[in-house]
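Take a look at the model below. This report covers a pocket, a cavity and a sheet.

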Amino acid sequence: MNLVMYMKVLMPFIVKRADAIVVDSYFVKKELEKVYKVESKKIEVIYPGSDDFFYPNKNETAFLELIKKYHIQKKFIFTTATNHERKNIFGLVDAFKEIKQFNDYQLVICGLLPDFTITKLEKYLQKMNLTEKVKFLGFVSKNELRVLYSFAKLFVFPSFEEGFGLPVLESVLCGCLPICSDAGALPEVIGNKKLLFNPRNTPSITEKINEVLSWPEEKHLEHLEKAKKHVSRFNWQKAADQYLELFKC
């Protein structure tokens, strides 16, 4: 049974029989209420915790190795992608090529994409003469990912929809200021309206990148500290305590 059939046939039965439903964001809770007509009191929001693996790694040697391996430059904007079209990678590429500091930065993309999407992306970058300005690294190790987060000037997450948005959380933990879509659960994760943009409007993405890149260092750090404070609420001990309370009911 494919995912669509599962959601249409089995999910209504499952949510009806369940005594309680745990979701990882208020966005998902609202979607369950709207789509499957689930009572609000039956749905418990328990945010996931952060991964202790992610922390700032300013190892210059490790970064220089990545520069040599992937042919990236020292100043770059970073994003991650999967095989879901909702990640809006082409929209980000279109927005990036219009930024004011285009000559100063590369856009670096990593993650797993299907072969047909990679081929489509490569052809698009060639057509737009962006092969040196936009680097798709493919899959990178977790250690490499941490270094990329740590050295990126900015992390941009342009998804059309997310049930939570772990990459935003990971970037903050590594000391990289994120900006992201105002869609799905991402506003809950980032906790700062000044770091949001409309993913369905390319100029909105460009404008937000321009704005944040123009900030003086102290303002950049101010917003990063706010983001760190906000994401500190996502921890596994708190989640475990909430699960324990739920099981007692």
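## The second largest pocket

This is a predicted model. H7 gives the largest share, three residues.

The lining has eleven nonpolar, four polar and three charged residues. The space in the second largest pocket is about 370 Å³.

## The cavity

Rolling a probe the size of a water molecule over the atoms shows where empty space is left. The structure holds one cavity of 30 Å³ or more. The volume of the largest cavity is about 40 Å³.

Which residues line the largest cavity? They are Tyr47, Pro48, Arg233, Phe234, Asn235, Lys238, Ala239 and Gln242. By class, four are nonpolar, two are polar and two are charged.

## The sheet

S3 and S4 also belong to an open sheet of six strands. The order is S5-S4-S3-S6-S7-S8, and the pairing is parallel. Strand S5 (134–136) and strand S8 (196–197) stand at the edges. Each has a single partner strand, so one side of each is left without a neighbour in the sheet.

Strand S6 (residues 154–157) and strand S7 (residues 178–181) run parallel. Three bridges join them. Here, Phe157 stands opposite Cys180 in S7.

Technical notes. Residues are numbered from 1 along each chain as its sequence is written. This is a predicted model: local features need pLDDT of at least 70, side-chain atom pairs count only at pLDDT 80 or more; totals for chains, interfaces and linings use all residues. Side-chain values use heavy atoms; hydrogens and water are left out. On a 1 Å grid over the protein atoms alone, a cavity is a set of points where a 1.4 Å probe fits but cannot get out, and a pocket is an open set with protein on both sides within 12 Å along at least five of seven lines; lining residues have an atom within 4 Å of a point. Grid points are joined across faces, edges and corners, and a volume is the space filled by probe spheres set on the points. Helices (H or I, at least four residues) and strands (E, at least two) are DSSP runs, numbered from the N terminus. Ala, Val, Leu, Ile, Met, Phe, Trp, Tyr, Cys and Pro count as nonpolar, Asp, Glu, Lys and Arg as charged, and the others, Gly among them, as polar. Two strands pair if DSSP finds at least two bridges between them.
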